[in-house]
Amino acid sequence: MKPNRNPTVSAFSTPLLLLLCLITLYLITTISPSLLTISTTTSSSSPYHSLFLSLSSNTSASSHLRRLTSLPHIASSHADSLAASYVLSSFPFPSHSTSYSVLLSFPLLRSLSLLSPSSSPLRFSLTEIPAPSDPYSSLASLVVPTFHAYAHSGAVTAPLTYAYYGRVEDFDKLRSLGINVTGTVVLARYGKIFRGDIVKNSQDAGAAAVLVYSDYQDYAQGDVFPDGQWLPQTGVQRGSTLRMQGDPSTPGWSCRAGEEECERVDKEEIVRQGFMPAVPSLPISGKDGEELHKAIGGQVAPDDWQGREGSPVYHLGPGPGVVNLTYLGNETLRKIQNVFAVIEGKEEPDRYVLLGNHRDAWTFGAVDPNSGTASLLELAERLFKLQKKGWRPRRTIILCNWDAEEYGLIGSTEWVEENREVLTSRAVTYLNVDSAVHGPGYRASATPQLDALLIEASKMVKDPDNPSQTIYDSWISSSDSVPVGRLGGGGSDHAPFLQHIGVPSVDMAFGTGYPVYHSIFDDYSWMQKFGDPMFQRHVAAASIWGLVALRLADDEILPFDYVSYASELKRAVKTIEEATAGSPVILSPLYKSIEEFNAAATKINDEKKVLEKKFWGIPLRKDQSKLRELNDRLIMAERAFIDGQGLSGREWHKHLIYGTSKYDDYGSKPYPGIDDAIIEAKKLNTTDAWRSVQHEIYRAARAVKQSSLVLNGGLS
């Protein structure tokens, strides 16, 4: 053996090698294996997420929309079935459809005449007249005639009364002016509230029938289509008057197509419960509405109830104009189809991130809903390209395309009711895009734990109308703070997920409304000219929708922030405090529960930071059981806001924090049960009524406390 000629090296080599071995062992056992190998599980900084943005195609979005809007496709029609097949074949992932047998409504007979003692009756055609230059004018005859779905069948001859937007406060105003609407036909304007609530409020005021029209002041403020974006004189807004979610004949449960034995509620019971109207109604055009205004006399309507410049002076009535209204509808069982594509997760295949849009349309549906469908299909194509490059989500992504949303969120509600228990235990979030593009300007509503995620995603996507800045930049320029709305209204398919089973949810779109809504003029030509000529807004909608989904599907720790939820809970109580000033109710139980919730939210955020520790900037291996348990608490905290008894008189709605307004299904209300009780207490002003308000405050406080316990992760 040769003698050692370097004793210094010899003296330090053994401990140095030992130290290196220990460090290597530490790295192997603590650093996330995803960083030692090529990873299929991504994080918020994943290169796949940036790649997703680069794969966009406005040509693809345009092509999908053109195909989807080639025919009018009302729910359950042959054209709707063709559209379902197109979506099914366009999904590049394993896909399937699920069918249900549901009660839908169609018109058999409609007529409207203005009677005059001095001349022959004026009969209204109730027909939309397309512009010959519109490429879709030749298909107008295929559109189902203008009607209100689930309208009551009947014939009424009675004087007219004008009721502005048909809100509760509008009828209160009429009463204060000494106007009695009992037995009359109410003429009301579209806008402000859900049309079903216009009919219900009119019915409750004693009206015999209802006509709802699109006033020029609201829908024709400039050049009309095809020369401009505004609604032509004969344009009519169709729509449902159903005041519930889902198939009215199977409330709370579902019935698959072909199922022989299925319990159903009869129509008379549905009407008795107030879910379907008990008086006839028809939608009419601005032109017909103006003609009827000329026949109404009596007191001049208030200034803010008047029409645009050049319109006749609006009076309140009743009469002297008398109308004869006849409507005969057909409520019948029809088959509808939901379509799904599934991208199975690798690490957590039993956790679902759901993205949804509906397919059915009253007419061609270029904006509502197929701008959303086109964006969904373009998004799916991008995810498929990511998959081919090696990406696979940590959690399962499910792409959902609903049917019969226009009738009352029927397709989504039936599916949620059928899969209630599985979804309750496995759904992470539901991300809804109904009409992706109405026009310029991004908007989003969400449950508050998702606000920060939406803001982060908006910083990564270019504004389609100003590529020099991001969506976030243009979003905050229109407000002092990022205006994430609260998601409580029942106007789209997020409702069954959030309000019935408590799944954290988002709804987003570009634009805030469009004049040709639910008319025959909502076609590809309108979108190409006015909604999104270059289809860049479609691409931007798919980009931000997809980025949010990727974060929720790929991040090891779910990007939920319940501290912001606590702030929103506290802010909403301030409105209750103002509404109950001078009353005997106390709010301290609710404030106390919110403080506990805030502490629990802060605690779980601290736990997240511990799990996110790094060594020399490299994430450490996470204890997978702790990771799973923490994520489950983040998911289930929203479920704790669900109360099995539901809201009083609206038992299907079970979320005690966010829900619809009792008098407007489109409106969102924080603490809806408390809000309902306050409205009733102010009407009655009795001890029992205010005691009911206090009861609802305690119910909400208990729900918030339950959510705190879930976030804390232990038993009391």
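User: What makes R382 a charge that sits over the ring of F52?

Analyst: The model is predicted. In it, the charged end of R382 is 4.6 Å from the centre of the F52 ring. The cut-off for the distance is within 6 Å, with a further limit of within 35 degrees of the ring normal.

User: Why is the contact of E269 with R272 called a salt bridge?

Analyst: The closest N and O atoms of E269 and R272 are 2.6 Å apart. A salt bridge requires a side-chain nitrogen of Lys or Arg within 4 Å of a carboxyl oxygen of Asp or Glu, so the pair qualifies. Both residues belong to helix α8 (residues 267-272), and because they are 3 residues apart there, about one helical turn separates them.

User: Are E269 and R272 buried, partly exposed or exposed, and how do you know?

Analyst: E269 has a relative accessible area of 24%. This value falls between the limits of 20% and 50%, so E269 is partly exposed. R272 has 61%, which is over 50%, and therefore R272 is exposed.

User: What makes K570 and E595 a salt bridge, and which parts of the chain does the pair tie together?

Analyst: The N to O distance between their side chains is 3.5 Å, which is within 4 Å, so the contact is a salt bridge. K570 lies in helix α19 (residues 562-579) and E595 in helix α20 (residues 588-611), so the pair ties together parts that are 25 residues apart in sequence. K570 has 36% relative accessibility and counts as partly exposed; E595, at 43%, is also partly exposed.

User: How do you know whether R699 and E696 are buried or exposed?

Analyst: The relative accessible area is 7% for R699 and 9% for E696. Buried means under 20%, so R699 and E696 are both buried. Their side chains meet in a salt bridge at 3.3 Å, N to O. R699 and E696 lie in helix α23 (residues 687-712), 3 residues apart.

User: How many salt bridges does a search of the whole structure find, and which residues are linked in a network?

Analyst: The search finds 38 salt bridges. A network of them links E348, D350, R351, R394, R395, E556, R628 and D632.

User: How many aromatic pairs are found, and why is the pair of F225 and F521 called edge-to-face?

Analyst: A search of the whole structure finds 31 aromatic pairs. The ring centres of F225 and F521 are 6.2 Å apart, and their planes stand at 65 degrees. Planes over 60 degrees apart count as edge-to-face, so this pair receives that name. F225 lies in the loop between α7 (216-219) and β7 (239-240), and F521 in the loop between β17 (505-510) and α17 (524-531), 296 residues apart. F225 is buried at 3% relative accessible area, and F521 is buried at 2%.

User: What makes the pair of W402 and W415 tilted?

Analyst: The planes of W402 and W415 are 50 degrees apart, a value between 30 and 60 degrees, so the pair is tilted. W402 is in strand β11 (residues 395-402) and W415 in helix α12 (residues 410-418), 13 residues apart. Both W402 and W415 are buried.

User: Which residues do ring pairs link into a cluster?

Analyst: The cluster joins F225, Y514, Y517, F521, W526 and F530.

Notes. Residues numbered from 1 in each chain as written. Predicted model: local features only at pLDDT ≥ 70, side-chain atom pairs only at ≥ 80, totals over all residues. Heavy atoms only, no water. Helix = DSSP H or I, 4+ residues; strand = E, 2+ residues; numbered from the N terminus. Buried < 20%, exposed > 50% of the residue type's maximum accessible area, 1.4 Å probe, protein only. Phe/Tyr/Trp six-rings, centres within 6.5 Å; stacked < 30°, edge-to-face > 60°.
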